Amino acid sequence: MTQNTVEKTSVSLLGLGAMGTALARTWLAAGHPLTVWNRTPARSMPLAAEGATIADSAAAAVAANSLVIVCLLDDTSVEEALAGTDLAGRDLVNLTTGTPAQARARAAWAEERGARYLDGGIMAVPPMIGVPEAGGYVLYSGSQDLFDRHRETLAVPVGTLFVGRDAGFAALHDVALLSAMYGMFAGTAHAFALIRKEDIDPASFAPLLADWLTAMAPAVHRTADQLRSGDYTQGVVSSLAMQVAGTPTFLSTAEEQGVSPELLSPYFALMRRRLAEGSGEEDLTGVVDLLIR
């Protein structure tokens, strides 16, 4: 090694689906020695031509390097792939999508086998990997020591954000953020359905919709402040009572346009329920409490 050469951390990667392959290529491009394994060996071959070492088994991949990254279909796949492998002394980073409970159980499972464990939630799609300006990142939780030791290597494909020592927090943040995304998609679907039968160009409507959603996004900070303080009347712009009074217009418009209200009705029902409890002066934050069992 010359004076100007920095030795790169060697990585073992299990799982070469679209995401795993994208991760693999960024580590290879950055000069990290990479050992890969995939249940379907044919998927490994293109990476061999790019410099990866192909392991003939998951156990061989785990044995090759101390940093082992798993990116498989689900928690059951992780269990099956790592069964019988020697994890003692390994730093295991699990980027497989799962629930918080699965992450916590997998952390305990790994620690029982002598490994440090870090769980990850990937907030990106494969085309965003290796493209810093795309804004993707991975949420990590679990071993702080593991994260600190391998922070630079983990940051090669995409940005990193450590969210806590509780191994379940990355998965919880992941699902919470994606749940909000699907709520936005639901509202977007309803909005486009309302104009679908009219002489309105969806492409002309889209910028208005995108700008409106962007303008509304900062409201999440007010909700967070109200939840923290417990005062749901703090900074109210439009009270719950006022908003509930306006909901019939939305439902009537949907009926006039021949659009099902099924995406809006459950939320409106929660708003009415909160109002019935005598919270008309509040913001919409009280709906959060109604969702908790």
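Predicted model: local features only at pLDDT ≥ 70, side-chain atom pairs only at ≥ 80, totals over all residues.
I'm counting a residue as exposed when its relative accessible area is over 50% and as buried when it is under 20%, with partly exposed in between. By that rule Tyr 182, at 54% relative accessibility, goes down as exposed.

I stayed with Tyr 182 and looked at Phe 185. Both sit in helix H7, three residues apart, which is about one turn of the helix. Phe 185 has a relative accessible area of 41%, so I put it down as partly exposed. I then looked up aromatic pairs and found five in the structure. For Tyr 182 and Phe 185 the ring centres are 6.0 Å apart and the planes stand at 85°; planes over 60 degrees apart count as edge-to-face, so that is what I called this pair. I also noted one aromatic cluster, formed by Tyr 140, Phe 147 and Phe 162.

**The sheet**

Next I traced the strands. Eight of them make an open sheet, in the order E3-E2-E1-E4-E5-E6-E7-E8, with mixed pairing. Which strands stand at the edges? They are E3 (53-54) and E8 (159-162); each has a single partner strand, so one side of each has no neighbour in the sheet.

At the E8 end, I checked E7 (residues 137-142): it pairs with E8 in the parallel sense, over four bridges. Val 138 has Thr 160 in E8 as its bridge partner.

**Strand E1**

Are the faces of E1 covered or open? I found both covered. Val 11 and Leu 13 are buried on one side, and Ser 12 and Leu 14 are buried on the other.

Leu 14 has Trp 37 as its bridge partner in E2. To get from E1 to E2 the chain goes through helix H1 (residues 18-29), and I logged this β-α-β crossover as right-handed. On to E4: four bridges join E1 to E4, and the two run parallel. Here Val 11 stands opposite Leu 67.

**Helices on the sheet**

I followed helix H6 (residues 144-154) over the strands. It lies across E1 (11-14), E4 (67-70), E5 (91-94), E6 (116-123), E7 and E8, and it runs at about 50° to E6.

Which residues of H5 are buried? I listed Pro 100, Ala 103, Arg 106, Ala 107, Trp 109 and Ala 110. The buried residues of H5 pack against helix H4 (75-82), E5, E6 and helix H7 (169-195). Just after H5, I spotted Gly 114 with a positive phi of about 85°.

**Ala 254**

What does Ala 254 contact, leaving aside its neighbours within four places in sequence? I got His 190, Leu 194 and Val 259. His 190 is 64 residues away from Ala 254 along the chain, yet their C-alpha atoms are separated by 8.8 Å.

How values were computed: Residues numbered from 1 in each chain as written. Heavy atoms only, no water. Pairing = 2+ DSSP bridges. Contact = heavy atoms within 4.5 Å. Axes fitted to C-alpha atoms, helices over the stretch in contact; angles between N-to-C directions. Buried < 20%, exposed > 50% of the residue type's maximum accessible area, 1.4 Å probe, protein only. Right-handed = clockwise from strand over helix to strand, strands pointing away. Phe/Tyr/Trp six-rings, centres within 6.5 Å; stacked < 30°, edge-to-face > 60°.
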